[in-house]
Amino acid sequence: MTRYVALRLLQGVGVLWLVATVTFALLRLLPGGPFDREKVLPPEVLRNVEARYQLDAPVAVQYLRYLQGLVHGDLGPSYKYVGRDVADILRDAFPVSIGLGALALGLALGFGVSLGLVAGTHRGRPPDHAATLLAVLGMSVPSFVLGALLILVAGLWLGWFPAALWEGPLYAILPALTLAATPAAYVARLTRAGVLDVIDLDYIRTARAKGLSESRVRVHHILRNALLAVVTYFGPLLAVLLTGSFIVEQIFAIPGMGRFFVTAVTNRDYPLVLGVTLVYAALVVLANLAVDLLYAWLDPRIRLGGAER
Amino acid sequence: MSGAGWVGAGLLLALVTVALLGDRVSGHAFDAQDPDRALETPSLEHWMGTDALGRDLFARIAEGARVSLLVAVGATGIALALGIVYGAVSGYVGGRLDDFLMRVVDVLYSLPDLLLIILAKEVLEGVLVGVSDLVRTLVALVLALSLTSWVGVARLARGLVLQAREEAWVEAARALGARGPRVLTRHVLPNIAGPLVVTAAFRVPVAILAESTVSFIGLGVQPPFASWGVLASDGFTAMRSFPHLILFPSFAIAATLVAFHLLGDALRDALDPRRKL
């Protein structure tokens with residue numbers, strides 16, 4: 001077990017190195033540089049600035065220096081936010097993104113699982129159709145559309161929630177709902193499929209025959225086993241939340257990592273783009289590991305690190 | 001096909017019609033400005049109203065449909081071709097080659113899609129020279145979107161080929177003297193075509209979504225050209241006073257994506273009955 005986790009973590013480091021290399025290469029292929037302005041800088045000023053950030057060295061040397069810094073936990077300085085390190089910026093932005101993501105994850109699981117359970121236990125009847133329709137809508141409506149509509153209706157017309165910014169729990173509700181919609185729809189579909197897989201099995205009939213209440217059968221017998229299907233989806237789910245946060249943070253003017261990424265790309269702020277990318281990739285790697293461990297714990301038939309990896 | 005499937009197909013037919021005829025039906029060009037009639041609400045003259053520069057919103061949504069569909073279908077086509085070849089070879093040959101090819105896929109998979117799309121699109125735009133701005137952006141978008149999409153297709157194709165490879169009819173074909181490439185193209189691929197068609201139907205809306213997202217944050221198609229993301233972004237800034245500018249583009253995107261999902265679900269039920277998701 002420990003060996004398995006250690007091995008996976010080591011593989012994760014390899015993946016992160018590859019991600020850093022690919023992103024580094026892509027960034028250097030981008031047209032334009034970090035210090036292109038409307039007003040062209042005098043050549044000697046530009047030379048000085050580039051020397052300060054060691055951009056005058058050959059790209060290979062810059063790459064090695066970056067990796068060296070990375071190993072020491074140094075993500076380099078931001079070009080755009082002068083005087084701030086990328087690590088600094090991420091330290092401020094990361095908790096915001098994670099907080100929003102965690103709230104959205106909770107909402108997605110809560111809504112998705114209940115919707116899927118209702119749909120699965122009423123197969124072919126109106127509640128099933130209604131839930132399926134909701135799920136299709138959830139998967140179809142882009143986050144910027146849902147976000148805009150929520151701001152318009154709940155924020156501006158009804159005035160229930162603040163329409164933008166990030167100044168307390170109330171400010172998190174609309175963005176979290178926006179972020180949660182698509183994953184909730186996927187979770188609902190997975191839960192429904194999982195429920196349908198087990199609902200006709202013998203042990204469910206046995207549970208009913210023992211005289212257990214319907215709600216107990218549903219929660220303890222049906223749902224528990226149906227949830228396995230949902231757990232496998234955790235990895236992609238996190239990716240959906242991360243990608244979604246780019247847009248949602250943009251729409252609601254939330255100072256999270258996703259918002260920095262977009263501006264960092266347009267500003268050619270290489271270290272900041274790399275930093276955000278690496279944090280995202282690390283989260284995905286860790287989440288996938290967590291999912292595999294969780295899965296093995298929930299379903300003891302699965303062996304970790306066996307012949308079938 | 002189910003009722004919902006027909007609804008999806010009908011919606012898509014309507015969409016394609018609008019995309020093809022669009023500004024000819026409404027009688028306004030998508031980039032024709034009329035400052036005297038800016039920011040009007042819907043009327044008989046302008047069915048969906050006009051934007052801040054007095055351009056007809058219906059014509060712009062039709063133009064957006066053209067751009068969005070073109071980019072999404074193009075990207076999905078490339079992704080399918082590339083992914084099927086890659087995945088099929090990986091699964092059919094197996095062994096070390098398979099291991100290596102799949103590790104490459106794993107790494108691409110661990111990069112957040114949108115991030116890779118944005119970076120790749122910017123790089124490609126720098127590489128493409130000697131064409132108009134619109135063509136450059138569209139080609140860069142198509143290639144960038146297919147770059148993230150083919151990975152999933154490759155995984156699916158590999159899995160399907162791995163399953164099919166063990167079937168008795170493959171063995172029969174081999175026993176009759178057919179060689180690898182022939183077995184793959186003549187026997188295996190036709191048999192796994194169903195799930196691949198289904199994945200295509202689900203990938204087009206994903207591409208539409210990605211394109212409109214990139215355009216929404218201002219890194220995709222640039223005005224005066226329109227994509228739904230551009231229109232939604234314009235509408236978003238003006239929605240406080242002029243909600244119709246966000247409502248119509250939103251409805252167009254949502255209806256299109258719903259249509260593709262309904263059609264995809266119906267196709268899956270018909271062609272790939274074992275899969276539930």
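Two residues are in contact here if their C-beta atoms, placed from the backbone, lie within 7 Å. With that in hand, welcome to a predicted model, shown in a handful of close-ups.

View 1. The largest nonpolar core has 163 residues, and B:Ala232, A:Ala148 and A:Phe261 are the members that touch the most others. H2(B) gives the most to this core, with 18 residues.

**View 2. The side of chain A that touches chain B.** Here 37 residues of chain A are in contact with 33 residues of chain B. Among the elements of chain A that give two or more residues to this side are helix H1 (2-29), helix H6 (143-157), helix H7 (169-198) and helix H12 (270-298). By class, this side of chain A has 31 nonpolar, 5 polar and 1 charged residues.

**View 3. Helix H5 of chain A and its cover.** How far apart are the end C-alpha atoms of H5(A)? They are 21 Å apart, which agrees with the 21 Å that its 15 residues should span at 1.5 Å a residue. The buried residues of H5(A) are A:Ala131, A:Ala135, A:Val136, A:Gly138, A:Met139 and A:Ser140. Their cover includes helix H4 (86-121) and H7 of chain A, together with helix H10 (244-271) of chain B.

**View 4. A buried arginine, A:Arg189.** You will find A:Arg189 in helix H7 of chain A. Is A:Arg189 buried or exposed? It counts as buried because 26 other C-beta atoms lie within 10 Å, and the cut-off for buried is 20 or more. A:Ala282 is 93 residues away from A:Arg189 in sequence, and their C-alpha atoms are 28 Å apart in space.

**View 5. Two loop residues of chain A with positive phi.** As background, most residues other than glycine have a negative phi. A:Ala253 has a positive phi, near 55 degrees, and lies in the loop between H10 and H11 of chain A. With 13 C-beta neighbours inside 10 Å, A:Ala253 counts as partly exposed. Further along, A:Arg268 also takes a positive phi, of about 55 degrees, although it is not a glycine. A:Arg268 lies in the loop between H11 and H12 of chain A and is partly exposed, with 19 other C-beta atoms within 10 Å.

**View 6. Two helices of chain B crossing.** Two packed helices are described by the angle between their axes and the distance between the axes. The axes of helix H2 (residues 57-93) and helix H5 (residues 133-165) of chain B come within 5 Å and cross at roughly 35 degrees. The crossing of H2(B) with H5(B) is right-handed. Its contact residues divide into 22 nonpolar, 8 polar and 3 charged.

View 7. Chain B has 10 helices and 0 strands, and its C-alpha atoms fill a box of roughly 75 × 45 × 30 Å. Of its 277 residues, 49% count as buried. How many of the 8 residues of helix H6 (residues 168-175) of chain B are buried? The count is 0. Just after H6(B), B:Gly177 takes a positive phi of about 100 degrees.

Definitions and conventions. Residues numbered from 1 in each chain as written. Chains lettered and ligands numbered in written order. Predicted model: local features only at pLDDT ≥ 70, side-chain atom pairs only at ≥ 80, totals over all residues. Axes fitted to C-alpha atoms, helices over the stretch in contact; angles between N-to-C directions. Helix = DSSP H or I, 4+ residues; strand = E, 2+ residues; numbered from the N terminus. Left-handed = near helix turned anticlockwise from the far one by under 90°. Nonpolar A, V, L, I, M, F, W, Y, C, P; charged D, E, K, R; others polar. Buried ≥ 20, exposed ≤ 12 C-beta atoms within 10 Å, placed from the backbone. Expected span 1.5 Å × (residues − 1). Core = buried A, V, L, I, M, F, W, Y, C linked by C-beta atoms within 7 Å.
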